2 protein chains.
Amino acid sequence: MISHRKAFLVGLLGVLWLFSIAVTATQAADPLPSWKEGDTKQAIMTFVEAVATPGTPNFVPPAERIATFDNDGTLWTEHPTYTQLAFALDRVKALAPQHPEWQVTQPFKAVLDNDLKALGAAGEKGLVELVMASHAGMSTAEFETIVTDWLGKARHARFNRPYTELVYQPMVELLAFLRANGFKTFIVSGGGVEFMRPWTEKIYGIPPEQVVGSTIKTQYEMQDGKPVLMRLPQIDFIDDKAGKPVGINKFIGRRPILAVGNSAGDREMLEWTGAGNGPRLMMLVFHDDARREYAYGPANGLPDTHFGAFPQSLMEEARQKGWGVISMKGDWARVYAFDK
Amino acid sequence: MISHRKAFLVGLLGVLWLFSIAVTATQAADPLPSWKEGDTKQAIMTFVEAVATPGTPNFVPPAERIATFDNDGTLWTEHPTYTQLAFALDRVKALAPQHPEWQVTQPFKAVLDNDLKALGAAGEKGLVELVMASHAGMSTAEFETIVTDWLGKARHARFNRPYTELVYQPMVELLAFLRANGFKTFIVSGGGVEFMRPWTEKIYGIPPEQVVGSTIKTQYEMQDGKPVLMRLPQIDFIDDKAGKPVGINKFIGRRPILAVGNSAGDREMLEWTGAGNGPRLMMLVFHDDARREYAYGPANGLPDTHFGAFPQSLMEEARQKGWGVISMKGDWARVYAFDK
């Protein structure tokens, strides 16, 4: 016969074991190990604790904990060109045999000749033509396959890795930390929504329905008795600059309480986020790390590049409005998951 | 000193109490009490159990459990007119003092004279004019206030109740049952998205970001140093008929596995849902209950009305494709929460 002490302990241990599950969940290790200790990390931790602690003045109900993130330059590398542009150029080359006229027509000739100067001269109109030729004329299902296949094969010229490995590990941790604290995380990107949706769930934990981006028009058609959505060569919506608050309102319908971007294209998203009532956190990633990633501005005297420009006026607005500026060099212990 | 038996029991009871929480959660009472026992209810229960049971052939991962619901006539009453049209007419009357020209201009004169014949003669063009006059020209925040105020005051002519009480209790239960089984529930309505978002979370448990609908264009502006989104008198997107799969793809980006509608406007949403792989459930609410709600077709010889037409061809497509037809009269024990 077991002693009364032993009997009590057997039962009690069961209770303690069950409670330990709850305790482990709240007493987690550092949720942001790739962020260096400092003001930026502290600001994030303080904000998240404040909005997620019931009964405190800055508590925000979970349903209103909407966080929006730009993608290019905020969650993954956007240099030397936006990944989607690299995709478009590869796609034009792949389709060239079916389009002999491209050999003599701009901007296609420039792509086939790798003539960046002529490509630049084609301007925005030329860029739209390239996107339409490479992103339209197929069904949404076919486009998803094309994107997935390309991402599986394409490699970044400098890092010689798939583009989906060039995501910022500190941001992946931040997304997970926010979700663990009841936030709903969204992408709000100038990039094409159907270029992102095939992989954002696996890479960022963000499901398709939480990806907001630029869209082209689609049309419902019956093909051999089966419905398809055909991608038409017409821009539907550009989710950039003043289009970002428009996109947030249209697709999400609730104002974020946290927003992160990295360029002039994110200015209005941060303004819109900051103009709401209650606690807010707005941040901008500043690319000042040429060794581990890239360094570009033109703010703070860094080079002015074509992709993801961060002008001095944005740096000043950030200072005025109290937006955090994340220094890639100073705030991140690692940039990529493969960094040591 | 307590006996060993008593000591053991004290500990054990703690364990049992903790386990009982889990057991209570799974051994719930009938989740659909407002549905009569029968084939329709059984089909729902069987489908949900099949997709939510891991290790069985029809299991669907939670992330893919997307369910889309039409709103007017599927979740709430759409007779004698769509609620949003009642809102537009009231709004035109409220704004009339600021628009003396409306006294002599159609379709406004028709609204002010309660001249339904002249209103009908104004056709779709007239309807768009009414929507633009009543739904645009203010900020998104102002429009939300206008909608909320109107819904608080307006009463349905027959039931003399707020429109938000004229939601179908069986559907409210179905939405909750689906969510309890890991589904993400969406509205996909021809109605205006900003007419629905102010109240869908409270009434249906569906947050703003899961409401897909028709949109008008908005524009980001600074007013007195504060950003606003102004509603422009331009249609952006019509989320009806072939627009529903387009809207589902644009806003959700994942094909539903369950879709419910009630009219010809939902045909393409059900076709699109049914064309995916794996288990699917498509249903149509059929309004055959003139006593508790309304009866209209023209299918099955019921009256042909202006709002929410269910043609015979849709009934035939439902039969051919195995879409469930929910008889309001035969399948629902209650229509509204206030029914006895």
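## A buried glutamate and the sheets around it

At 8% relative accessibility, Glu209 of chain A counts as buried, because the term applies to residues under 20% relative accessible area. The structure described here is a predicted model. Glu209(A) is found in the loop that runs between helix H9 (193–204) and strand S3 (211–223) of chain A. Leaving aside residues up to four places away in sequence, Glu209(A) touches Phe186(A) and, in chain B, Ile66(B), Lys184(B), Phe186(B), Phe251(B), Ile252(B) and Arg254(B).

Chain A contains an open sheet of seven strands with mixed pairing, and the strands follow one another in the order S4-S3-S2-S1-S5-S6-S7. Strand S4 (226–237) and strand S7 (324–327) of chain A each have a single partner strand and stand at the edges, so one side of each is left without a neighbour in the sheet. On average, and with direction ignored, neighbouring strands of this sheet are turned by 35 degrees against each other. Within the sheet, strand S1 (residues 66–69) and strand S5 (residues 258–261) of chain A pair in the parallel sense over three bridges, and Phe69(A) stands opposite Val260(A) in S5(A).

Two helices of chain A pack on this sheet. Helix H8 (residues 169–180) touches S1, strand S2 (184–192), S5 and strand S6 (281–286) of chain A, and its direction makes about 165 degrees with that of S1(A). Helix H11 (residues 267–274) of chain A also packs on the sheet, where it touches S1, S2, S5 and S6, and its direction makes about 165 degrees with that of S5(A).

Helix H10 (residues 243–252) of chain A is mostly covered, with ten of its ten residues buried; among them are Lys244(A), Asn249(A) and Lys250(A), together with Val246(A), Ile248(A) and Phe251(A). After H10(A) comes Gly253(A), whose phi is positive, near 75 degrees.

In chain B, seven strands likewise form an open sheet with mixed pairing, in the order S4-S3-S2-S1-S5-S6-S7. S4 and strand S7 (324–327) of chain B stand at its edges with a single partner strand each, so one side of each is left without a neighbour in the sheet. Two of the strand pairs in chain B are set out below.

| Strand pair | Sense | Bridges | Residues opposite each other |
|---|---|---|---|
| S3(B) (residues 211–223) and S4(B) (residues 226–237) | antiparallel | eight | Gln223(B) and Lys226(B) |

Helix H2 (residues 39–52) and helix H8 (residues 169–180) of chain B pack at an angle of about 15 degrees, with their axes 10 Å apart. H2(B) and H8(B) are therefore roughly parallel to each other, and their crossing is right-handed. From H2(B), Ile44(B), Met45(B) and Val48(B) meet Leu174(B), Phe177(B) and Leu178(B) of H8(B); the residues of this contact divide into six nonpolar, no polar and no charged.

Key
Residues are numbered from 1 along each chain as its sequence is written. Chains are lettered from A and ligands numbered from 1 in the order in which they are written. This is a predicted model: local features need pLDDT of at least 70, side-chain atom pairs count only at pLDDT 80 or more; totals for chains, interfaces and linings use all residues. Side-chain values use heavy atoms; hydrogens and water are left out. Two strands pair if DSSP finds at least two bridges between them. Helices (H or I, at least four residues) and strands (E, at least two) are DSSP runs, numbered from the N terminus. Axes are lines fitted to C-alpha atoms, for helices over the stretch in contact, and angles run from 0 to 180 degrees between N-to-C directions. Contact means heavy atoms within 4.5 Å. Angles under 35 degrees count as roughly parallel, over 145 as roughly antiparallel, 65 to 115 as roughly perpendicular and the rest as oblique. A crossing is left-handed if the near helix is turned anticlockwise from the far one by less than a right angle, and right-handed if clockwise. Ala, Val, Leu, Ile, Met, Phe, Trp, Tyr, Cys and Pro count as nonpolar, Asp, Glu, Lys and Arg as charged, and the others, Gly among them, as polar. Buried means under 20% relative accessible area, exposed over 50%, partly exposed in between (1.4 Å probe, protein chains only).
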